[in-house]
Protein chains: 2
Amino acid sequence: MKSKEKLQAAATKLFMEKGYEHTTVQEIASLAGVTERTFFRQFKDKSDVLFDTNNELGQGVSAFITDKFEVEQKPLKLAVEGFVSISEFFEGSRERVLARNQIIQSNPDLQERELLKGQVLIASVTNSLSAKYDSDVSELAARFAVEIFHMAFIKWINSTEKGLAEHLLTVYELYENSFCCVD
Amino acid sequence: MKSKEKLQAAATKLFMEKGYEHTTVQEIASLAGVTERTFFRQFKDKSDVLFDTNNELGQGVSAFITDKFEVEQKPLKLAVEGFVSISEFFEGSRERVLARNQIIQSNPDLQERELLKGQVLIASVTNSLSAKYDSDVSELAARFAVEIFHMAFIKWINSTEKGLAEHLLTVYELYENSFCCVD
DNA sequence: TAAAATAGTGTCACAAACTGACATTTTCAA
DNA sequence: TTGAAAATGTCAGTTTGTGACACTATTTTA
């Protein structure tokens with residue numbers, strides 16, 4: 001096991017046991033059997049240990065959108081379908097995702113970092129949409145789609161009933177029924 | 001002049017001159033003629049000096065929405081009109097807002113804090129909408145409205161031509177024309 | 001296989017952000 | 001004027017985060 005993974009495991013364990021604020025990097029490093037200095041070489045700061053910088057989500061959604069390049073469709077619908085397409089990626093790991101989410105919600109620093117990660121996601125989706133649509137339209141669709149995903153995601157981690165894909169469609173329908181067309 | 005204001009002025013000046021990261025709290029305090037300790041009594045952390053915690057924006061938008069309680073209207077439209085109603089509040093201060101925005105965009109910590117403030121705004125708007133609409137509908141409308149505001153805001157600080165209210169309406173129309181109704 | 005490049009880690013010293021405890025000053029109303 | 005309350009100063013200490021350099025393990029290449 002690499003030290004990066006050991007640090008991530010140690011950090012998660014300690015954050016759950018005694019809370020994020022009351023866990024020092026020192027302690028995380030000790031539990032992982034390395035030095036504090038090594039922690040900061042693997043992660044840019046304390047909160048970084050909970051976030052993967054890969055943006056796999058954005059990659060996946062973008063790939064789907066790019067793939068459907070030729071299909072005639074409204075941008076928001078397309079983006080939401082992009083999220084639906086990667087929702088199976090989460091299916092096995094609801095428990096783990098829920099635990100991680102609880103840690104994040106317990107601390108403002110972590111919430112902030114999560115939000116910044118959301119911006120990266122928006123940028124990805126915007127970028128893939130803009131091959132087909134106007135740049136402002138793409139950005140707005142990306143932002144709305146991410147909000148829909150966010151809302152569906154919250155519902156999903158708190159429910160054992162329906163899957164993420166179903167929640168996504170439910171929220172999208174809620175949008176269509178409540179917002180669309182003339183008043 | 002209260003020390004809080006002196007600290008804010010000093011911080012803004014230094015952040016513009018030498019950048020956020022290269023300015024220490026020590027320096028800010030010295031320039032303001034107080035102690036580092038006093039800084040941390042006025043602001044919870046270094047970045048806090050750039051953010052007012054009043055949420056005046058949220059208050060204003062919420063007040064408008066609550067006021068239009070009886071009027072029959074789609075939730076997103078109502079929320080956007082709420083933002084339009086407070087847009088004159090900004091009109092005189094484009095230069096200052098632009099400068100502040102440039103500081104924020106120069107540093108991830110500040111971006112994160114700005115995003116967290118956005119969440120507070122969303123909560124306000126959601127709350128005022130939910131007197132009239134279903135809770136999920138209210139949240140979604142609030143989130144979309146804040147995104148529309150955000151986009152209009154960016155356009156506004158970079159243009160001397162149109163006012164914020166006009167940009168808001170333009171973006172809202174962009175939304176209506178591109179997303180609404182059946183495909 | 002031996003030598004050499006390279007990636008990962010340890011050690012140390014230190015800057016900067018932040019906090020708690022207590023002393024001192026300022027303010028302002030009775 | 002005085003006396004309580006609010007703001008500020010002082011100081012010691014913890015925690016986060018970084019630079020510099022030495023050391024070790026792993027991999028590459030001759």
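## What the record says about chain A

Keep in mind that this is a predicted model. In UniProt, an unreviewed entry puts the feature "domain: HTH tetR-type" at residues 1–61 of chain A. In the model, that span is 61% helix and 0% strand, and its end C-alpha atoms lie 30 Å apart.

UniProt also lists a "DNA-binding region" at residues 24–43 of chain A, again from an unreviewed entry. Here the chain comes out as 75% helix and 0% strand, with 14 Å between the end C-alpha atoms.

## H4 and H5 in chain A

Now for a pair of helices: H4(A) covers residues 56–67 and H5(A) covers residues 75–86. Their axes come within 8 Å and cross at roughly 120°. Angles from 65 to 115 degrees would count as roughly perpendicular and those over 145 as roughly antiparallel, so H4(A) and H5(A) are oblique to each other. The crossing is a right-handed one.

Who touches whom? From H4(A), the residues in the contact are A:Leu57, A:Gly60, A:Val61, A:Phe64 and A:Ile65. They meet A:Leu78, A:Ala79, A:Glu81, A:Gly82, A:Phe83, A:Ser85 and A:Ile86 of H5(A). Sorted by type, the residues of this contact are eight nonpolar, three polar and one charged.

## H7 and H8 in chain B

Over in chain B, helix H7 (residues 108–129) packs against helix H8 (residues 135–157). The angle is about 135°, and the axes are 8 Å apart. H7(B) and H8(B) are therefore oblique to each other, and they cross in a right-handed way.

On the H7(B) side, you'll find B:Gln119, B:Leu121, B:Ile122, B:Val125, B:Thr126 and B:Leu129. Facing them from H8(B) are B:Ser138, B:Glu139, B:Ala141, B:Ala142, B:Arg143 and B:Val146. The tally for this contact is seven nonpolar, three polar and two charged.

## Where chains A and B meet

How many residues of each chain are in contact with the other? It's 34 from chain A and 34 from chain B. Together the two chains bury about 3500 Å² between them, and carbon and sulfur atoms account for 65% of that area.

Note on methods
Residues are numbered from 1 along each chain as its sequence is written. Chains are lettered from A and ligands numbered from 1 in the order in which they are written. This is a predicted model: local features need pLDDT of at least 70, side-chain atom pairs count only at pLDDT 80 or more; totals for chains, interfaces and linings use all residues. Side-chain values use heavy atoms; hydrogens and water are left out. Axes are lines fitted to C-alpha atoms, for helices over the stretch in contact, and angles run from 0 to 180 degrees between N-to-C directions. Helices (H or I, at least four residues) and strands (E, at least two) are DSSP runs, numbered from the N terminus. Angles under 35 degrees count as roughly parallel, over 145 as roughly antiparallel, 65 to 115 as roughly perpendicular and the rest as oblique. A crossing is left-handed if the near helix is turned anticlockwise from the far one by less than a right angle, and right-handed if clockwise. Contact means heavy atoms within 4.5 Å. Ala, Val, Leu, Ile, Met, Phe, Trp, Tyr, Cys and Pro count as nonpolar, Asp, Glu, Lys and Arg as charged, and the others, Gly among them, as polar. UniProt positions are given in the numbering used here, feature names are shortened, and annotations may be inferred rather than shown by experiment. Buried area is the accessible area (1.4 Å probe) that two parts lose on being put together, summed over both.
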